Amino acid sequence: MIVFLQAIASTVGPRGRLGTLYLALGCATVGAVSAERALAFDGKEPRSLAAATQPLTIFKDPRAALRAGLESYHAGNAKKSVEALRYAADGGESLAQWKLGRMYAEGDGVTRDDAKAYAYFSKLVDHFADDEPSPRERLMAAGAFVAVGVYYLEGIAAAKIEPDAGRAFDLFRYAATYFGNADAQYNLARMYLDGNGVSKDARQAANWLDLAARKGHAPSQALLGHLMFNGEAGGPPQRARGLMYLTLAREAAGDRPTDQWIVELHSRALARASEGDRKAAVAMLEYYLTRRD
């Protein structure tokens, strides 16, 4: 599974969000607070197999193919964008490689194929291991390192890729330190907590989670809050601060089925929290959100 970036919504001020967060903390006395194949051909006879395997001649160069593919994708024609993006990717366009990797990983306009996704993401990892990404490419480059790392954690039978926790750890660590990527930091923390490819170390896990949580990464906020609340972060329990992070994560999770584990962690902590814990968490939330905005 690839863990993707989640951030706290910032379209309203800190006081507006506090109303929702207060309710999540169960503070009934607090009042309401104001509140993204090439261009379609002629659509007639399908091209022959031989023609379909020939290099496209409709595009002047890979950059033109990239533009056409992205335009088609953003117009809602994901299937029709694939051929153009492939042409661009084969011509070395990094953004096309990234887009195709995501599409194959998610089954977006194509049949899901982890082997193909891995192949495209790996091209990016090889490229950016040697060449410095531009500022606009940093997020894409970091995401490719994380995606390949996740594939190494689980392995891909179709591509004959065996699980390799050590390789995954190296990829996550590079993306976490060089790019400061929150998904990589979260995955590193999970490896430290599970002792997967590295010795168990709750304190190291908490350190990586703290870095990602400060970026608004909801899974990191939830896991860090859980560890703090229960005193499993390498120190004594920090119930109010743990509840604060769990509440932030709970707000970001919404009702998405994939984030129900966050909802459950928050509910369990809330049920065990004292009134003093809740009031202290409210004060921390207000200070935290004021400093963020």
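Buried, for today, means under 20% relative accessible area, and exposed means over 50%. The model is predicted.

I will start with one residue. Ala-168 has a relative accessible area of 0%, so it counts as buried. Ala-168 sits in helix α8, which spans residues 165-178. If we set aside neighbours within four places in sequence, Ala-168 has contacts with Gly-149, Tyr-152 and Leu-153.

Now the chain as a whole. There are 293 residues, and 45% of them count as buried. The secondary structure is quick to describe: 14 helices and zero strands. The exposed surface comes to about 15,100 Å², with carbon and sulfur atoms supplying 52% of it.

How far does the predictor trust this? The average pLDDT over the chain is 84, and 80% of the residues score at least 70.

Leu-188 is in α9, residues 182-194. Is Leu-188 buried or exposed? Its relative accessible area is 0%, so it is buried. Leu-188 is 20 residues from Ala-168 in sequence, and their C-alpha atoms are 9.1 Å apart. Beyond four places in sequence, Leu-188 touches Phe-169, Phe-172, Arg-173, Ala-176 and Trp-208. Of these contacts, Phe-169, Phe-172, Arg-173 and Ala-176 carry numbers that fall in α8, residues 165-178.

Gln-97 is part of α5, residues 94-106. At 7% relative accessibility, Gln-97 falls under the 20% cut-off and therefore counts as buried. Which residues does Gln-97 contact, leaving aside those within four places in sequence? They are Ala-89, Gly-92, Tyr-120, Lys-123 and Leu-124.

The other is Leu-70, in α3, residues 62-74. With a relative accessible area of 16%, Leu-70 is still under 20%, so it is buried by our cut-off. The C-alpha atoms of Leu-70 and Leu-95 are separated by 9.6 Å, and the two residues are 25 apart along the chain.

Now for the exposed side. Asp-126 lies in α6, residues 114-130. Its relative accessibility is 51%, which is over 50%, so Asp-126 counts as exposed. Between Asp-126 and Ala-144, 18 residues apart along the chain, the C-alpha separation is 9.9 Å.

Lys-160 is exposed too, with a relative accessible area of 75%. Lys-160 is in the loop that joins α7, residues 138-154, to α8, residues 165-178. What stands out about Lys-160 is its backbone: phi is near 55°, a positive value in a residue other than glycine. Most residues other than glycine have a negative phi.

Last, the second largest pocket. How much space lies in it? About 390 Å³. Its lining has 17 residues, and those nearest its centre are Asp-210, Arg-214, Arg-241, Tyr-245 and Tyr-288. Four helices each give at least two residues to that lining: α10 (202-213), α11 (218-229), α12 (239-253) and α14 (275-292). The largest share, five residues, comes from α14. By residue type, the lining of the second largest pocket divides into nine nonpolar, two polar and six charged.

To recap: the chain has 14 helices and zero strands, and 45% of its residues count as buried. Ala-168 and Leu-188 are both buried at 0%, whereas Lys-160 is exposed at 75%.

Definitions and conventions. Residues numbered from 1 in each chain as written. Predicted model: local features only at pLDDT ≥ 70, side-chain atom pairs only at ≥ 80, totals over all residues. Heavy atoms only, no water. pLDDT = per-residue confidence, 0-100. Buried < 20%, exposed > 50% of the residue type's maximum accessible area, 1.4 Å probe, protein only. Areas by Shrake-Rupley, 256 points an atom, 1.4 Å probe, with all protein chains shown as cover. 1 Å grid on protein atoms, 1.4 Å probe; cavity = no way out; pocket = protein on both sides within 12 Å on 5 of 7 lines; lining within 4 Å. Points joined across faces, edges and corners; volume = space filled by probe spheres on them. Nonpolar A, V, L, I, M, F, W, Y, C, P; charged D, E, K, R; others polar. Contact = heavy atoms within 4.5 Å.
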